[in-house]
Amino acid sequence: MKPHFYKEIRALDRRLYQQAVEVEEMLGCVVIAFLKGDTQSAARLIEKDTEIDRNEIALEEECLKVLALYQPVAGDLRYVITVLKVNAELERIGDLAVDIAGFTTESKPASLQPPLPVDFESMTGAVRRMLDASIKALSSHNVQLAADVIKSDCRIDELHERFSSHFPEHVRQFPEDIAVFQALLGVSRSLERIADCATNIAEDVIYLESGRIVRHAHGCLSGEETPVFQPSDPEDGAFSVQDEQK
Amino acid sequence: MLDTLLSPKEKLKIKIAARDLSFFYGDHQALFANNLEIPENRITAVIGPSGCGKSTHLRIYNRIFELYRDQRAEGEVLIDGVNILDRNVDVLELRRKVGMIFQRPTPFPMSVFDNVAYGMRLHFKLRKSEIAERVEGALRGASLWEEVKDKLNGSGIALSGGQQQRLCIARTIAAEPDILLLDEPTSAIDPVATLKIEELLLSLRKRFTIVIVTHNMQQASRISDFTAFFYKGRIVEHDTTTRIFTNPSNKKTEEYITGRFG
């Protein structure tokens with residue numbers, strides 16, 4: 001037995017989930033600030049990213065220390081590598097949340113002329129649930145949940161694509177919406193990238209549990225193809241997010 | 001079996017094949033019908049907790065166990081297709097072909113030169129000049145020449161522990177074996193000397209098939225191409241070293257290499 005090693009591993013665990021909680025909270029607050037057009041809150045949240053960056057470096061240093069001192073192998077090695085990679089993804093999500101805060105203006109997205117191709121609030125909810133599910137998959141070693149997150153990513157990509165392709169037509173009809181729509185498009189892009197980060201975390205969970213690297217090979221994932229975090233009917237533009245798997 | 005461990009492009013010749021190999025110390029059975037294929041010109045590490053039978057398995061390959069009473073092997077060990085457990089096998093020639101290096105350096109109480117020349121004098125009839133040439137070649141092969149070329153007539157026992165172990169490797173390779181068996185060759189020497197031995201083994205891999213028993217997981221992962229994990233007299237897992245140390249398929253292997261037991 002290696003009690004010191006496991007103590008270090010538990011410490012990595014705690015730091016990682018603390019970081020995940022802070023990033024999720026930050027993202028949630030940033031999205032609310034954006035939707036409300038609350039620029040003051042958005043500015044405050046940008047400062048939060050400095051703390052997330054500091055935590056990222058501290059956790060990375062801890063991982064490097066564990067690698068150097070204990071030279072873990074097999075499942076232990078995969079765990080430390082996974083912590084390193086998830087840590088980097090969380091920091092990236094923090095940066096993307098800062099981008100969303102940067103898009104916040106006093107003009108609320110709700111002021112846009114209908115119809116919009118996607119219910120924006122539902123899209124943000126779906127991305128946040130994807131992120132939450134990827135962290136839950138990591139903490140509960142749940143490969144199936146991780147696979148569900150991966151399958152959901154393509155639907156978020158579709159939603160972002162729908163926003164982008166709607167842009168020229170919308171500003172032609174409502175030129176006064178251009179600034180708000182551009183901001184919305186920027187946030188949509190950030191959300192799409194956050195979904196990618198959540199997908200990367202889910203891929204890391206599969207690597208951690210099985211040793212398989214499934215990046216670039218999602219076709220090999222077993223199970224049904226229907227994404228879990230999706231709009232109920234992609235054609236009509238309504239975006240009702242399914243209940244997350246309990 | 002080895003075919004399943006390799007990529008289709010990597011076809012390796014099997015140098016040693018143990019078939020249903022069992023071993024007994026008197027009435028006590030230490031190994032249980034094991035099968036293992038060792039590829040040519042590769043380093044295979046044998047790992048496992050104390051008493052699992054890894055050294056016992058190694059000692060069968062050159063029949064050194066026959067020097068002790070009440071020990072016997074059952075099954076087959078094919079080296080280049082020949083069962084070396086067959087009674088008709090010339091054991092002296094087998095031990096030339098399958099050299100062995102032990103945990104503690106075992107230099108003979110004679111000069112550095114004579115230590116290396118000893119084996120070749122035993123096996124070959126050579127002129128003095130040929131012996132001198134081969135001694136130099138063996139010492140160079142063991143990465144020791146530069147350190148001892150000016151004290152060839154000095155005692156082998158006066159060398160440092162790491163140098164003594166490399167002297168033993170020089171003595172073994174001077175007999176021109178095909179296979180080198182190493183039983184925890186660095187457990188009695190310091191980390192710097194250990195790294196020199198490891199570098200040496202990596203360079204010797206081109207000329208010899210190497211099987212190394214080690215308790216040092218990092219050593220196994222650093223230098224070997226394949227790893228076999230023994231537990232309670234049985235081979236639990238045999239795979240490429242990369243796979244064993246990143247994603248072993250057997251839970252027992254994982255528990256052992258991650259230090260959860262042993």
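Student: Is Glu198(B) buried or exposed?

Tutor: This is a predicted model. In it, Glu198(B) counts as buried, because its relative accessibility is 3% and the cut-off for buried is under 20%.

Student: Which helix is Glu198(B) found in?

Tutor: Helix 7 of chain B, residues 191–204.

Student: What does Glu198(B) touch, leaving out residues up to four places away in sequence?

Tutor: Gln219(B), Arg222(B) and Ile223(B). With two of these, its side chain makes polar contacts. The side chain of Gln219(B) is one partner, at 2.9 Å. The side chain of Arg222(B) is another, at 2.7 Å.

Student: New topic: helix 6 of chain B. What span should its 14 residues have?

Tutor: The helix runs over residues 161–174. At 1.5 Å a residue, it should span 20 Å. Its end C-alpha atoms are 20 Å apart, so the two agree.

Student: And how many of those 14 residues are buried?

Tutor: 13 of them, so helix 6 of chain B is largely enclosed by the rest of the structure.

Student: Which residue with a positive phi follows that helix?

Tutor: Glu176(B), with phi near 55°.

Student: Which residues line the largest cavity?

Tutor: Lys85(A), Glu203(A), Asp204(A), Tyr207(A), Arg212(A), Ile213(A), Val214(A) and Arg215(A). By class, that lining has 3 nonpolar, no polar and 5 charged residues.

Student: Which helix gives the most to that lining?

Tutor: Helix 6 of chain A, residues 178–210, with 3 residues.

Key:
Residues are numbered from 1 along each chain as its sequence is written. Chains are lettered from A and ligands numbered from 1 in the order in which they are written. This is a predicted model: local features need pLDDT of at least 70, side-chain atom pairs count only at pLDDT 80 or more; totals for chains, interfaces and linings use all residues. Side-chain values use heavy atoms; hydrogens and water are left out. Helices (H or I, at least four residues) and strands (E, at least two) are DSSP runs, numbered from the N terminus. The expected span of a helix is 1.5 Å times one less than its number of residues. Buried means under 20% relative accessible area, exposed over 50%, partly exposed in between (1.4 Å probe, protein chains only). A polar contact is a pair of N or O atoms within 3.5 Å; within protein, one must be able to donate a hydrogen and the other to accept it, and residues adjacent in sequence count only if both atoms are side-chain atoms. Contact means heavy atoms within 4.5 Å. On a 1 Å grid over the protein atoms alone, a cavity is a set of points where a 1.4 Å probe fits but cannot get out, and a pocket is an open set with protein on both sides within 12 Å along at least five of seven lines; lining residues have an atom within 4 Å of a point. Ala, Val, Leu, Ile, Met, Phe, Trp, Tyr, Cys and Pro count as nonpolar, Asp, Glu, Lys and Arg as charged, and the others, Gly among them, as polar.
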